[in-house]
Amino acid sequence: MAIKSWLTLVACFLAFQSIARADTVYTTVFNVFESSKTERLLILSGVDGRIYKTVKSDDQKKKMKALVGQIVRLDYVNQGKEAVITNIRVAQSNEVDARTADLNHFRYNQLRQFAPTDLQSVEKATEIFNNMLNDGDKGRSQCFKRAHMWSFDMWSKLGIESEKIFIFYTKRYAILEDFEWWFHVAPVVTAAGTEYVMDGTFMEKPITIKEWKDYFIKSDKITCPMVDKYQDFEDKQWSRLCYLMKVPMYYFSPLNIEWRDKKGEERNHWVLDELQDARRAFKNYEETYEGLDTGKSTTKY
């Protein structure tokens, strides 16, 4: 009977392994903290905004904390909505491509101050929204890559200079909710003096920043202060559940914002490497964004 039970357990385990899809991501470990809802450690990923999870223990916590700020190879399986780490280690030099140099023709607007375009009417914003490229599959791409290509398309095809709006969830929110992501981002356009978020994956039309915030924080009562510096979010993780931040369209990920505020690396142009990476958020990207394909490989982080 014991042997039969053991064989059943093995069969169930193998069946689970076949269902759980294994995958790998090269990413920067942004932060590590403990969930108060489950016995998990929460590892914030810099490359895709996801929170990866692992078993909570003193040794595991020490190991994960030592990886903060480093580029790692992270192997994981999807268990429902959760991404559970199966292995993590510092990436080797031959695993991560060198950064591709910017092409000069992407250095548009670098000699003058960034100024968002006013579309004059919400009808114009809606027309643009309805024509944005969107394959509707948020399971196969990250929000910041979709947002980058939407912004690039508006600029390259229509001459529109847009911004991006980030909602950052604090440690307090992540711990209380055991949440799956630590930020979300979408393009913002101005129409007749009002700002509208163009989030084609989750919304059916342009909506105001407040409406967008209410949707993603799941409440119209919780306030998310608008901050100017990444440090304002990073240093105030316990007094609020969330923060909002607007940046010019050129900023690809939170890491770029952090480098701006800590290293003075302002963004005033597109980076080819990031565009090559971001275009993969959409189906048939080779044909759609053929002009971005220089034959050079992109970075994995």
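Tutor: Start with Lys164, which stands opposite Val247 in strand E10. Before going further, note that this is a predicted model, in which local features need pLDDT of at least 70 and side-chain atom pairs count only at pLDDT 80 or more, while totals for chains, interfaces and linings use all residues. Residues are numbered from 1 along each chain as its sequence is written, and side-chain values use heavy atoms, with hydrogens and water left out. The labels refer to DSSP runs numbered from the N terminus: helices (H or I, at least four residues) and strands (E, at least two).

Strand E6 covers residues 163-169, and its pairing with E10 is antiparallel, over 7 bridges. Two strands pair if DSSP finds at least two bridges between them.

Now move to strand E7 (residues 183-191), where His184 is placed. Is His184 buried or exposed? His184 counts as buried because its relative accessibility is 6%; buried means under 20% relative accessible area, exposed over 50%, and partly exposed in between (1.4 Å probe, protein chains only). Leaving aside neighbours within four places in sequence, its contacts (heavy atoms within 4.5 Å) include Cys143, Ile165, Asp199, Trp212 and Phe216. Of these, Cys143 is itself buried, at 11%. With Asp199 there is also a polar contact between side chains, at 2.8 Å. That term means a pair of N or O atoms within 3.5 Å; within protein, one must be able to donate a hydrogen and the other to accept it, and residues adjacent in sequence count only if both atoms are side-chain atoms.

A disulfide is a covalent bond between the sulfur atoms of two cysteines; here the test is a pair of cysteine sulfur atoms within 2.5 Å. A search of the whole structure finds 1 disulfide. It joins Cys224 to Cys242, with 1.8 Å from S to S, and at -75° about the S-S bond the link is left-handed. Cys224 is in the loop between H6 and helix H7 (230-234) and Cys242 is in strand E10, so this pair links distant parts of the chain, 18 residues apart. Cys224 and Cys242 are both buried.

Lys53 forms a salt bridge with Asp178 (closest N and O atoms 3.2 Å apart). Lys53 is in strand E3, while Asp178 is in the loop between helix H5 (171-177) and E7, 125 residues apart. A salt bridge is a side-chain nitrogen of Lys or Arg within 4 Å of a carboxyl oxygen of Asp or Glu. Both Lys53 and Asp178 are buried. Through shared partners, salt bridges join Arg40, Lys53, Glu82, Asp178 and Glu180 into one network.
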